[in-house]
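Work through the exercises below with the sequence and the model side by side. Each task is followed by a solution in steps.

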Amino acid sequence: MPAPSMPSMPDTPSAPPSLLQHRGAERRYDSPIVATAASRDGQSLCALTADGEAVLVNCEKLRQSEEWQVVELHEGGICLATDSQPGSFLSGGEDGRVMRLQADGRSEELHKGRGWVDCVASTPGNIAFSVKKDVHLCNAAGDETLKVLPHPSALSGLAFDAKGRRLAASHYNGVSLWFVKSRDAKPRLLEWKGSHIGLIIHPRDEAVVTSMQENELHGWRLPDGHNMRMSGYPRQVRSMSFTPRGRWLATSGADSAILWPFFGGGPMGKPPAEFARLPGLFVTCVAAHPREEILAIGYEDGTLVLAETAGLPDDDTPRLLPLCQGARSGGVARGAISTLAFSAGGEMLMFGTEEGYVGVLDLSAGAQAAPASSPSGSAPV
């Protein structure tokens, strides 16, 4: 992969206050943050710790970290997702429970079993979760199991397509694609040998992509099942996100954000775009803005930036907006960014780290502006 020259982050302790300090807040908890999610109504955000605590943030009290609510949900937290209902979340844990958490802190147990709950997902009409080799497909209320879908091995990823009509589950040797309302008990199998450790569906249902154990991606074009291989990563890809119209698939796994083109016949035979390279730092997490051509990029030292993708591939020097600095550039030693989530409209951004930090930023136009001494080269948000 080529190595484009990118702007460097401020690297001294005397760097000006970060945007996080002006437009957000952060707080440290006792265990790593494993997942973040935003409610469908755009009013709240949630983070899940490895100890099984949920951190609830009301967007109106985003900067008042003392007002963030902590709710004990699991004996070991594993997964978190937006719920079917407008203002709530779904979580799964090592205790075999699936929990529904309301924005006001009330919680309800939807499932209790013996196996770990590894994945949760939802649409406005259904929720789904995986336990060992099975996916449980339920109604939106969570009080009726519609189907139990068996698989050949344990599940590593679970996602509905954009219209909620199909449900994809990744496992050893490929992906099973189920039609939610079909009476046919057999899935469409997308086969590729090996361990698939993550899953994402194209926002226009054009492809399914998995991350592999072997530092590469594998994909299938859904119309014809054609295989797509995307390789060359120095590390495993632990984070993937499609830009809102599906032109680019952004990923972690390298010392810059890697974006594969899903247009013009790509990604096969097309080189990926690489940007936001910070010297000596690997990208650990990415999240595309839900509406704009903007990408949030987190690094292994806790640095977080926004980058424009609208000019790609012709403009290989997109504008960067630093949000907060990590340990290697004079900032907080908050550990690697492990999870990112935009609010439904993209006005808020939540991040979590491996050292237990949860941070939230207000990116809306009405938020308090950063002072004149803030980093230059900012992109409009």
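The exercises go from the overall fold to aromatic pairs and then to backbone geometry.

This is a predicted model, in which local features need pLDDT of at least 70, side-chain atom pairs count only at pLDDT 80 or more, and totals for chains, interfaces and linings use all residues. Residues are numbered from 1 along each chain as its sequence is written, and side-chain values use heavy atoms, with hydrogens and water left out.

**Exercise 1. Overall fold**

Task: State the secondary structure content of the protein and decide how its radius of gyration compares with the globule rule.

Solution. Step 1: count the elements, where helices (H or I, at least four residues) and strands (E, at least two) are DSSP runs numbered from the N terminus. The protein has 1 helix and 32 strands.
Step 1: along the principal axes, the C-alpha atoms fill a box of roughly 60 × 50 × 30 Å.
Step 2: look at burial and contacts. Buried residues (under 20% relative accessible area; exposed is over 50%, partly exposed in between; 1.4 Å probe, protein chains only) account for 57% of the 381 residues. With contact meaning heavy atoms within 4.5 Å, 48% of the contacts between residues at least 6 apart in sequence join residues at least 24 apart.

**Exercise 2. Aromatic pairs**

Solution. Step 1: apply the criterion. Rings of Phe, Tyr and Trp (its six-membered ring) pair if their centres lie within 6.5 Å; planes under 30 degrees apart count as stacked, over 60 as edge-to-face and the rest as tilted.
Step 1: phenylalanine 242 and phenylalanine 262 are 5.2 Å apart centre to centre with 85 degrees between the planes, which is edge-to-face. This pair links distant parts of the chain, 20 residues apart: phenylalanine 242 is in strand β22 (residues 240-242), and phenylalanine 262 is in the loop between β24 (257-261) and β25 (273-275). Phenylalanine 242 is buried at 9% relative accessible area, and phenylalanine 262 is buried at 9%.
Step 2: tryptophan 248 and phenylalanine 263 have ring centres 5.2 Å apart and planes at 80 degrees, so this pair is edge-to-face. Tryptophan 248 lies in strand β23 (residues 248-251), and phenylalanine 263, 15 residues away, lies in the loop between β24 and β25.
Step 3: tryptophan 248 is buried, at 2% relative accessibility, whereas phenylalanine 263 is partly exposed, at 26%.

**Exercise 3. Backbone geometry**

Task: Locate the cis peptide bonds from glycine 266 to proline 267 and between leucine 312 and proline 313, then examine phi of aspartate 205 and asparagine 215.

Solution. Step 1: recall the background. Most residues other than glycine have a negative phi, and most peptide bonds are trans.
Step 1: the bond from glycine 266 to proline 267 has omega near 5 degrees, and proline 267 sits in the loop between β24 and β25. For leucine 312 and proline 313, omega is about 5 degrees; proline 313 is in the loop between β28 (304-308) and β29 (320-324).
Step 2: aspartate 205 has a positive phi of about 60 degrees. Aspartate 205 lies in the loop between β18 (196-201) and β19 (207-212) and is buried at 13% relative accessible area.
Step 3: asparagine 215 has a positive phi near 55 degrees. Asparagine 215 is in the loop between β19 and β20 (217-221) and counts as partly exposed, at 23% relative accessibility.

Conventions. The radius of gyration is taken over C-alpha atoms; the globule rule is 2.2 Å times the number of residues to the power 0.38.
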